[in-house]
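Hi everyone, thanks for coming. Let's take a look at this one together and talk about how its charged side chains pair up.

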Amino acid sequence: MTADLLYSEVEEELRASVRALLADHCTTAAVLARCEGPAPYDPALWRKLAADLGAAGLHVPEAAGGAGASLRETAVVLEELGRSVAPVPFLGSVVLATTALLAACPADPLTAALAEGARTAALAVPLSTAPGSAFPAGVRVDGAGTLGGRITAVADASAADVLLVPAAGPQGAALYAVEASAAGLGVVPRTSLDLTRPVADVTLAGVPGRLLAAGPDAEAALQRALLTGAGLLASEQLGIAEWCLATTVAYLKERTQFARPLGSFQAIKHRLADLWLETVGARAAARYAADTLARGDADAPVAVALAQAHCGALAVRAAEECVQLHGGIGMTWEHPAHLYLKRAKADQIALGTPGAHRASLARLVDLPAPVSG
Amino acid sequence: MESELRERTAALLAAHDPADTDRLAFLQARFDAGLAWVHFPEGLGGLGAPRSLQAVVDAELAAAGAPGNDPRRIGIGLGMAAPTILKYGTDAQKRRFLRPLWTGEEVWCQLFSEPGAGSDLAALGTRAVLDGDTWVVDGQKVWTSSAHTARWAILIARTDPDVPKHQGITYFVCDMTDPGVDVRPLRQITGEAEFNEVFLTGVRIPDAHRLGAVGEGWQVAQTTLNNERVAIGGQAAPREAGMVGVVAETWRARPELRTHDLHQRLLKGWVEAEVARLTGERLRQQLTVGQPGPEGAAMKLAFARLAQELSGLEVELLGEEGLSYDDWTMRRPDHVDFTGREAGYRYLRAKGNSIEGGTSEILRNIIAERVLGLPGEPRTDKNVPWKELPR
Ligand SMILES: Cc1cc2nc3c(=O)[nH]c(=O)nc-3n(C[C@H](O)[C@H](O)[C@H](O)COP(=O)(O)OP(=O)(O)OC[C@H]3O[C@@H](n4cnc5c(N)ncnc54)[C@H](O)[C@@H]3O)c2cc1C
């Protein structure tokens, strides 16, 4: 195996700057306060992260207006964003939409605009869509070349300037760019389980679109985006789990009951040891997914399914342990644990559940289900 | 360095063609060429090279059809005795023991556990009393793997009962041919007798066979124990190596046995096994030259859990065939051979994986305290002389 599972010095430097930015501009208190306001996203933080720090263009080639790094670096940013449940449209714009656009037509001027953080996009599919799903047929292109239909539960849609819409065109699959300001386009925010990455329903009624790719190119672009999204989401899930574990350990070292720190009780220690072990595993799996995606390694589909099968469930378990082991305070709105639980649970559904990824592993590594029974 | 190693390997093969060289002679020549464990010092089977370069040498020798030293038979020597001797041994001890240890001429065993001291190893009661320049050892050890094939043992014994338990222990190399050593087979869950009880009566150990200072055996033993956990869980392996591969092969070959419930469990096991493999790979990339730390304990814990889950799954998958067992004959194997035997054996033998080399409970304590920094349990044995502890 030639995969590099470690972090390079450059990646560690990147992590440090993202972490410093988030420490200054994304405290959990600030995230909590924002959740209750009318605007779930933090545009100022987004500008600093995407444009000033250059995080939006890391995996975009220099020729297309990006930094020419790779998905490995983008994955590191996601770890930090997971660790702070940052309310920014990074997954929707940088990971899903930008990857789809890079695969469909990298020379499109929108690519550079997204890479610079000058504009923000979203990929108009339900966030629950797993890699390998059939090309969506919910949006159709009519004779006049305008789009009509409805897409539910789209991540980061309400923060997007542009939507990338998979549609059933005259020649089959097609991918369109639709301006958020276009007449006939509706983006209706849902009340979302995940307060920091809300989803919205998108309706299109005779909306003009710009064709980006058609036929197999459109299908390939969507698949590439979904696979990349699922693979990199594992890094976000790792960040969530690490925050939950570290926060819980710190709390249990301090909190005293029965005249002892709670962390000295073996029943608790063993639970945390198991959680640590699974988190260490998540780091290896997430790095492997990011590395194979970055290198275009043929094992990437296995790596992504593996990472999602493991990390999706782990992040939820870590957040659930965090709530439980904080006792009553873990159940309160004031304590940030719930933000992580909500993000973790939504992430478990995002881009394929662990069960869906195990099913695709069964195909990929030849462990078929029984024919009947 | 890598090219120098390749040259040396080529020179070894040129001087000792594996096709017409005696196996032992080849292994001795390989040791003397510094190609046994390249990270060991020159003159002791190595060249002081990075540990990671061993793989280069091994691959070239394997390709040339060179004989190996059968690590499964001499695992305790390679994995535990050797790193301890290297770190704590005198020059004379290193020269005497390492070469025949590596070639397999001399098998080693580990006389640590006692009936009253397993997880709480530092509570051990086997006594060693100095008589001139010879230690006289009396006591009983138990669960000693390979004692019946071993020429030497690493042994820890109590040399001072009047100080707290960790302070009064000394570490020795014990001659298993001493007339005071009595090895009796202990038949185990699988039917065979892979481990033993060892009775030590007036065993005489020259002071020259002590490793480390008197009373500092516990620190020496830490080197052995950390290496044991690495040896058990830490080898590089391709995807589907080990138990998961065995079950996956049965699954592929026998479609008529498949059920939906087992399918779900198999896929979960496959994911866990592959995650554990990547974790091990990541640790190796991280620690190619470093010392084994608590990460070794983590890998051992993961390995034990998986081996047990997957071997249990295989017996269930086999259904009616799972009702049979290959052979209950009491045997004295000289190594553990998982894949050479059937599913029932694998299932039963894997039960030992969470006990041998530190139980999974103890490993969780280690992770919680040393990695996560959680406080220890309140202790009743601290600063209490060993002889006053309840037993
Ligand atoms: C196949 C096999 C081969 C072995 N080979 C060797 C060998 O070659 N040389 C050698 O010296 N030893 C050997 N051992 C011994 C092994 O190291 C011990 O069995 C092991 O350390 C456990 O000690 P014990 O058996 O006394 O169990 P105990 O320490 O009595 O433990 C009993 C149970 O209590 C649990 N427990 C103990 N302490 C705690 C605690 N503080 N917190 C929570 N739970 C606890 C244990 O996890 C276990 O489940 C071997 C064992 C096996 C199974």
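Before I start, one cut-off: I'll call a residue buried when its relative accessible area is under 20%, exposed when that is over 50%, and partly exposed in between. Keep in mind too that this is a predicted model.

So, take D175(B): with a relative accessible area of 22%, it is partly exposed. Its partner in a salt bridge is R151(B), and the closest N and O atoms sit 2.6 Å apart. That pair links distant parts of the chain, with D175(B) in strand β5 and R151(B) in the loop between β3 and β4 of chain B, 24 residues apart. R151(B) counts as partly exposed too, at 28%.

Now over to where the chains meet. Here 41 residues of chain B are in contact with 46 residues of chain A. The area buried between them is about 3900 Å², and carbon and sulfur atoms give 68% of that. L278(B), R282(B) and L372(B) supply 17% of the area chain B buries there, more than any other three residues.

How many salt bridges are there between chain B and chain A? The count is five. One of them joins R364(B) to D274(A), at 2.8 Å between the closest N and O atoms. Both ends are buried: R364(B) has a relative accessible area of 15%, and D274(A) has 17%.

Zooming out, the whole structure has 62 salt bridges over all chains. Some link up into a network in chain A, with E12(A), R15(A) and R19(A) among its members. That's my tour, thanks!

How values were computed: Residues numbered from 1 in each chain as written. Chains lettered and ligands numbered in written order. Predicted model: local features only at pLDDT ≥ 70, side-chain atom pairs only at ≥ 80, totals over all residues. Heavy atoms only, no water. Contact = heavy atoms within 4.5 Å. Buried area = accessible area lost by both parts, 1.4 Å probe. Salt bridge = Lys/Arg side-chain N within 4 Å of Asp/Glu carboxyl O. Buried < 20%, exposed > 50% of the residue type's maximum accessible area, 1.4 Å probe, protein only. Helix = DSSP H or I, 4+ residues; strand = E, 2+ residues; numbered from the N terminus.
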